[in-house]
Amino acid sequence: MGLHLGWIPNEPGLRPREFERSAPAEPAPDPAMVAALQAALHARGLWSRMLVAVGLFAFVLFGFLSAVARITWGWGVAAGLALCCWLPVVLLALNRRRAATRLRAETEQQATRHAAEVAEYEQGKARWAESEAERIATAPRWLQVAAHEDVSRLDVFGGTGPGRQNMVTGLGWELLEQRAVIVLDLTQDRVADGLLTAAARAGISLQDYELPADLGETPLLAGLGGDQIASLIVEVVHADDAGATAPVRATDLMILKKIVSVLGAGVSMGRLHAALTELLGDATAAGGTPTGSTGAASDVLAEGERASLGALFGDGFRQQVTGNLVRLAAVIEPLTALGTGTGTGTAAGTGPRQPARLTCLSLAEGPRDVAADLTAALIVQWVTRAVSTADDGGIRPAVILAGADEQSTRHLGRLTAVCGRYDIPLVRTFSRLTEESARHLDTRHTAFLRLATRPEALRAAEHIGLERRFVAGRFARRHSVSQSKTRTTSDSVTHTTGRTEGEATTHTTGTTTGQSYSEAEVPRHDQQVHVHVEDHRPQPGASRDERRQDDPSRPGQARARDGKQEPRRRAGGGNGKGQAGTAGGKPKIDVVKTKTWFTAKHESDSNTKSWSTTEETSHTSTTSRSRTDGVSVGEEVSYELVYDHQVQPETLMALPEDQMLAPNIVEAAASAGQPATGDRPRAATQSKLVALVIDPSVVGTAQVAPVSPGEIPAFEPPALKR
């Protein structure tokens with residue numbers, strides 16, 4: 001993989017893909033069968049009514065004629081004609097029914113096949129959904145984007161202090177996994193603090209120099225000879241002089257080499273400054289250390305060295321190079337502590353610190369002065385020389401230069417050329433996109449953070465391409481820390497006493513009054529005895545008995561007068577039916593009626609008394625003591641993607657500070673497959689840029705998969721569900 005650039009959310013890979021197969025369509029009826037049925041219906045509708053009417057008319061007509069003419073065979077002719085007309089109607093109906101039956105059977109078969117296809121489709125869709133769920137569960141949440149293999153340099157323009165710090169942290173951490181890293185922070189914003197913290201937490205060796213306070217502990221002069229130190233000083237002197245010519249620089253180099261030849265092997269910035277002041281006639285600085293000077297005792301020149309300098313630089317020559325001597329002495333004076341071993345990290349005189357895997361040299365915060373500018377030029381020249389003279393057998397360190405717009409184009413060009421020659425990763429950050437720094441823009445190594453002013457944003461937009469589209473996100477991080485402490489103590493006592501007493505008296509009095517009436521019908525049976533006496537004696541006159549017999553109220557007399565005689569009863573007597581028949585009516589009925597009055601009184605007394613005494617005493621003592629001490633830390637990152645930003649100065653000025661826009665990081669227009677995300681290839685269209693997340697804390701410990709610029713998935717808005 002090439003140089004690390006940033007991360008992008010794997011939103012396309014975490015989105016469920018659609019099932020490749022489409023749902024089975026509803027089966028259409030067979031066109032031939034539908035046409036046959038329509039033809040049968042049309043023929044039936046066209047001929048049936050006419051044939052029925054013609055048959056009926058023929059039957060009535062010939063039947064009438066046969067009845068009038070009294071021709072019996074005419075009815076047969078009428079029936080035959082009607083049958084000839086009605087038989088085609090039956091055939092048409094049968095034809096229509098057969099067509100409908102065939103179409104119905106075919107439709108049912110198609111429906112059965114369609115149901116089987118739908119069931120198979122639903123099963124396949126369910127299996128697909130399960131596989132997608134498994135894929136999404138194991139898919140990486142972020143994609144780590146790296147540059148192409150042949151790209152080892154990155155120029156970043158714009159940004160804020162926190163944004164550049166996040167970028168240096170992310171880029172530097174990825175570089176530390178492969179090689180040593182040197183960070184030159186010339187911005188005075190401490191952009192390497194995040195990287196230093198991460199390295200210290202991981203146990204990686206590091207050295208942090210805050211300049212110019214720690215100049216004495218830096219390894220800037222380690223391993224350099226006198227002539228190399230002289231060349232280094234000349235480059236520092238003319239770092240900001242765009243019009244410095246080669247002869248002027250050569251003159252300064254000649255002066256320094258003459259002084260170095262006199263000083264011998266013990267060359268230091270303090271001794272060089274003492275020699276220059278000696279040549280300028282400053283006896284106080286040359287003969288001793290003034291009060292308040294930071295020079296060491298070893299920087300004092302010996303008498304022989306003074307004499308050699310006086311002999312080497314005659315009066316005439318000294319007058320010719322006085323301006324050069326003054327300039328060199330003024331530049332070296334702020335750097336006299338270099339190489340003395342003094343600083344804030346070690347005790348005085350212990351020399352430079354030990355080399356480490358991460359080395360950071362940063363300018364201290366505060367107003368930018370001449371000493372800071374000279375120190376910045378010095379460390380840029382040092383890192384250029386250190387990279388070019390490194391051991392060919394080892395891995396050369398990567399370089400991160402923050403605040404490159406503070407350096408001259410000549411020195412930046414030399415550092416870039418050396419890193420390119422040895423394929424060393426180089427990251428240069430420019431705080432502003434001015435006309436001067438815009439000269440470093442190209443198409444493969446350029447990226448942009450948030451730009452502060454409209455002219456800078458306009459230059460960046462024109463470089464990227466106005467009207468181009470890009471995808472960016474809004475990321476929100478929520479860090480929560482909750483601490484809980486609980487102390488609980490409880491004690492309770494309960495005493496309960498109760499008494500219950502009651503009495504109940506019940507008195508009941510009642511009176512019941514009633515009347516009953518009953519009626520019954522009972523048949524009456526009369527016991528009759530008939531005696532018939534015949535007297536054949538003459539009756540001269542009527543006696544009293546005869547008068548009694550002649551009494552019309554007696555039944556026997558009435559019947560005798562009527563000339564009728566009651567038949568003689570048989571010896572055994574007659575039954576009731578015979579008597580009733582003889583009497584000539586229904587048996588007599590006796591009606592029995594009964595009416596009863598009654599009155600009843602009742603009275604009852606009940607007296608109940610009850611006493612209940614309850615006394616209960618309970619004593620409950622509960623003591624509970626609990627202690628809870630806990631600290632919970634939560635980190636939540638949420639994001640929202642905006643899929644259709646337009647490259648305009650306003651959008652670049654509003655770019656989130658934790659995101660970076662690189663013109664060569666675009667969606668893959670079409671690819672054979674994308675294993676990192678699982679997205680299906682799409683048709684080639686104008687690709688959009690994708691903003692990179694540069695803050696490693698946003699990614700956190702989530703699963704990450706590496707991708708190259710040609711493997712970035714397409715970001716499309718999710719389809720709306722209907």
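**Salt bridges and a covered strand**

At 58% relative accessibility, Glu303 counts as exposed. In this predicted model, Glu303 forms a salt bridge with Arg306, with N and O 3.2 Å apart. The salt bridges in the model come to 24.

**Salt-bridge pairs**
- Arg306, the partner of Glu303, is buried at 18% relative accessibility.
- Helix α9 (residues 303-312) holds both Arg306 and Glu303, which are three residues apart, about one turn of the helix.
- Arg113 and Glu106 also form a salt bridge, and their closest N and O atoms are 3.7 Å apart.
- Arg113 is partly exposed at 42% relative accessibility, whereas Glu106 is buried at 19%.
- In the salt bridge between Glu667 and Lys688, the closest N and O atoms are 3.5 Å apart.
- Glu667 and Lys688 link distant parts of the chain, 21 residues apart, and each sits in the loop between β14 (659-660) and β15 (689-690).
- Glu667 and Lys688 are both buried.

**Network around Asp442**
- Arg153, Asp155, Arg428 and Asp442 belong to one network of salt bridges that share partners.
- Asp442 lies in the loop between β8 (426-430) and β9 (446-448).
- The side chains of Asp442 and Arg153 make a polar contact of 3.0 Å.
- Beyond its neighbours within four places in sequence, Asp442 contacts Arg153 and His463.

**Strand β6**
- Six of the six residues of β6 (residues 358-363) are buried.
- One face carries Leu358, Cys360 and Ser362, the other Thr359, Leu361 and Leu363.
- Strand β4 (residues 181-185) runs parallel to β6 and is joined to it by five bridges, with Asp185 opposite Ser362.
- Strand β5 (residues 206-211) also runs parallel to β6, through six bridges, and Gln207 stands opposite Thr359.

Notes:
Residues numbered from 1 in each chain as written. Predicted model: local features only at pLDDT ≥ 70, side-chain atom pairs only at ≥ 80, totals over all residues. Heavy atoms only, no water. Helix = DSSP H or I, 4+ residues; strand = E, 2+ residues; numbered from the N terminus. Polar contact = N/O pair within 3.5 Å; in protein donor to acceptor, adjacent residues only side chain to side chain. Contact = heavy atoms within 4.5 Å. Buried < 20%, exposed > 50% of the residue type's maximum accessible area, 1.4 Å probe, protein only. Pairing = 2+ DSSP bridges. Salt bridge = Lys/Arg side-chain N within 4 Å of Asp/Glu carboxyl O.
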